[in-house]
Amino acid sequence: MNRADTSMTPASNGSETVIRPAVIGDVPEIMEILQPYIEEDILLPVSVYRLFEHIRYFVVGERDGQVIGCGSLVIVWHDLAEVRSLAVRRGCQGGGVGGRIVDVLIAEAEELGVARVFALTYETSFFGRHGFEVVDRETLPHKVWKDCTYCARFTHCDEIAMARTLIPEDQRKPEPALPAMQQDPTLIMPSPAPR
């Protein structure tokens with residue numbers, strides 16, 4: 001599977017940006033990019049341990065040997081994936097790197113046969129430009145069961161759920177026969193934060 005976007009986008013200084021799969025050596029720079037957004041409560045905290053564990057899910061934008069953007073695609077269910085940890089280094093925004101990262105992640109989801117990709121975000125206009133639409137969070141129950149119940153924002157989440165359909169419902173294969181999912185009866189769907 002080739003996740004690299006070998007097309008080059010010139011920066012204002014004439015250098016080129018390449019989108020490529022992340023490698024272990026990128027973790028310090030990914031953390032550097034994410035940290036200001038985490039401190040401003042724009043992104044959820046992520047540990048260095050978790051970055052190493054999930055490095056295979058990440059792509060990065062690199063310019064002149066420096067990682068300037070990152071994002072990951074995490075499979076949530078047989079038909080659902082999430083764009084996570086999408087960020088561009090402060091001072092490098094506005095050059096299209098974030099959009100190119102999303103495009104590479106969407107292409108990977110299509111290659112994997114994922115029917116829908118979603119993001120929980122505050123950047124609705126950015127994701128809207130990339131074909132995502134606002135959806136009710138309750139349309140993402142697998143995300144809630146898998147991740148949200150462990151999140152510090154669970155009872156007061158104000159992120160906006162957005163999704164992009166890659167395979168229309170009438171063109172999807174039937175849901176595979178899977179073992180019964182063990183549901184925790186104590187889990188509840190979070191209520192949206194008051195606006």
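Select Asp26 and Arg20. Their side chains meet in a salt bridge, with N to O at 2.8 Å. This is a predicted model, and the structure holds seven salt bridges.

Stay on this pair and show the surface. Asp26 is buried, at a relative accessible area of 5%. Arg20 has a relative accessible area of 17%. Arg20 therefore still counts as buried, since the cut-off is under 20%.

**Next stop: Arg89.** Select Arg89 together with Glu29. The two form a salt bridge, and their closest N and O atoms are 3.7 Å apart. Where does each residue of this pair lie? Arg89 sits in the loop between strand 5 (80–88) and helix 3 (97–112), while Glu29 belongs to helix 1 (residues 27–39). They are 60 residues apart in sequence, so the pair ties together separate parts of the chain.

Is Arg89 buried or exposed? Arg89 is buried, at 12% relative accessibility. Glu32 is partly exposed, with a relative accessible area of 47%.

**Back to Arg20 and Asp26.** Salt bridges with shared partners join Arg20, Asp26 and Glu62 into one network.

Select strand 3, residues 58–63. How many of its six residues are buried? Five are, which leaves the strand mostly covered.

Show strand 2 (residues 16–21) beside strand 3. The two run antiparallel, joined by five bridges.

Turn to strand 4, residues 66–77. Strand 4 pairs with strand 3 over six bridges, again in the antiparallel sense. Which residue of strand 4 is the bridge partner of Glu62? Select Val67 to find that partner.

**Last stop: the hairpin.** Follow strand 3 into strand 4. Two residues lie between the strands of this hairpin.

Note on methods:
Residues are numbered from 1 along each chain as its sequence is written. This is a predicted model: local features need pLDDT of at least 70, side-chain atom pairs count only at pLDDT 80 or more; totals for chains, interfaces and linings use all residues. Side-chain values use heavy atoms; hydrogens and water are left out. A salt bridge is a side-chain nitrogen of Lys or Arg within 4 Å of a carboxyl oxygen of Asp or Glu. Buried means under 20% relative accessible area, exposed over 50%, partly exposed in between (1.4 Å probe, protein chains only). Helices (H or I, at least four residues) and strands (E, at least two) are DSSP runs, numbered from the N terminus. Two strands pair if DSSP finds at least two bridges between them.
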